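Here is a short briefing to read alongside the model. Please keep the sequence and the 3D view open as you go through the points.

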Amino acid sequence: MKLVPFFLFAVLVCSCTSSPEPGWIYTRNQYHLSTDPTGKTITSARIQKKGESCTFGSALFYFGYYGQQVSLKETLLKSGISKVALVDRSTESYLMGLVYFDCIEVWGE
């Protein structure tokens, strides 16, 4: 019974960003992917186009609204990219994830 207040507090301050440790006031993380886990490049595609898809969320809207879903497939469809050269991802969170932003950028041809 003593864990119920702790559980409720954890639900209210958690977020869906890809941050290893959200900061108390502000956290920004950026990830860059150009190779697979073995060190080989993803593709030999040239960088001619850029596509971006972002979403936002808040612990205040946690039970009702997460925001637009961010996916690589959706970003590729919206931007018209057929061959991926680079994938960048960034996250920002404020006040321990009370408000957060999640973006994915795709570069290719």
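A residue is called buried under 20% relative accessible area, exposed over 50%, and partly exposed in between, using a 1.4 Å probe and protein chains only. At 36% relative accessibility, Phe101 therefore counts as partly exposed. This is a predicted model, in which local features need pLDDT of at least 70 and side-chain atom pairs count only at pLDDT 80 or more, while totals for chains, interfaces and linings use all residues. Residues are numbered from 1 along each chain as its sequence is written, and side-chain values use heavy atoms, with hydrogens and water left out.

**Overall layout**

- The protein chain has two helices and four strands; helices (H or I, at least four residues) and strands (E, at least two) are DSSP runs, numbered from the N terminus.
- Along the sequence, these elements follow the pattern α-β-β-α-β-β.
- Of the 109 residues in the protein chain, 32% are buried.
- Contact means heavy atoms within 4.5 Å. Among the contacts in the protein chain with a separation of 6 or more, 68% are between residues 24 or more positions apart.
- The protein chain has an accessible surface of about 7,500 Å², and carbon and sulfur atoms hold 65% of that; such areas come from the Shrake-Rupley method with a 1.4 Å probe, and for residues only the protein chains shown count as cover.

**Aromatic rings**

- Rings of Phe, Tyr and Trp (its six-membered ring) pair if their centres lie within 6.5 Å; planes under 30 degrees apart count as stacked, over 60 as edge-to-face and the rest as tilted.
- The structure holds two aromatic pairs. One of them joins Tyr26 and Tyr94 in a tilted arrangement, 5.1 Å centre to centre with 40° between the planes.
- Tyr26 lies in strand β1 (residues 26-33) and Tyr94 in strand β3 (residues 84-94), so this pair ties together parts that are 68 residues apart in sequence.
- Tyr94 also pairs with Phe101, edge-to-face, at 6.2 Å centre to centre and 85° between the planes.
- Tyr26 is partly exposed at 42% relative accessible area, and Tyr94 is partly exposed at 32%.

**Nonpolar surface patch**

- Trp24, Ile25, Tyr26, Phe56, Tyr94, Leu95, Val99 and Phe101 form a nonpolar patch on the surface, with about 850 Å² of accessible area together.
- Patches are made of residues with over 30% relative accessible area and no salt bridge, where like charges are joined within 9 Å and nonpolar side chains (Val, Leu, Ile, Met, Phe, Trp, Tyr) within 5 Å. A salt bridge is a side-chain nitrogen of Lys or Arg within 4 Å of a carboxyl oxygen of Asp or Glu.
- Val99 lies in strand β4 and is partly exposed, at 31% relative accessibility.

**Nonpolar core**

- A nonpolar core is a set of buried Ala, Val, Leu, Ile, Met, Phe, Trp, Tyr and Cys residues joined through side-chain atoms within 4.5 Å.
- The largest such core has six residues: Leu76, Ile81, Val84, Val87, Ile104 and Val106. Strands β3 and β4 are the elements that give two or more residues to this core.
- Leaving aside neighbours within four places in sequence, Ile81 is in contact with residues including Leu76, Val106 and Glu109.

- Glu109 sits in the segment after β4 (99-108) and is buried, with a relative accessible area of 18%.
- Not counting residues up to four places away in sequence, Glu109 touches Ala45, Arg46, Gln48, Ile81, Ser82 and Lys83.
- Thr27, in strand β1, is buried at 10% relative accessibility.
- The C-alpha atoms of Thr27 and Gly97 are separated by 8.6 Å, although these residues are 70 residues apart along the chain.
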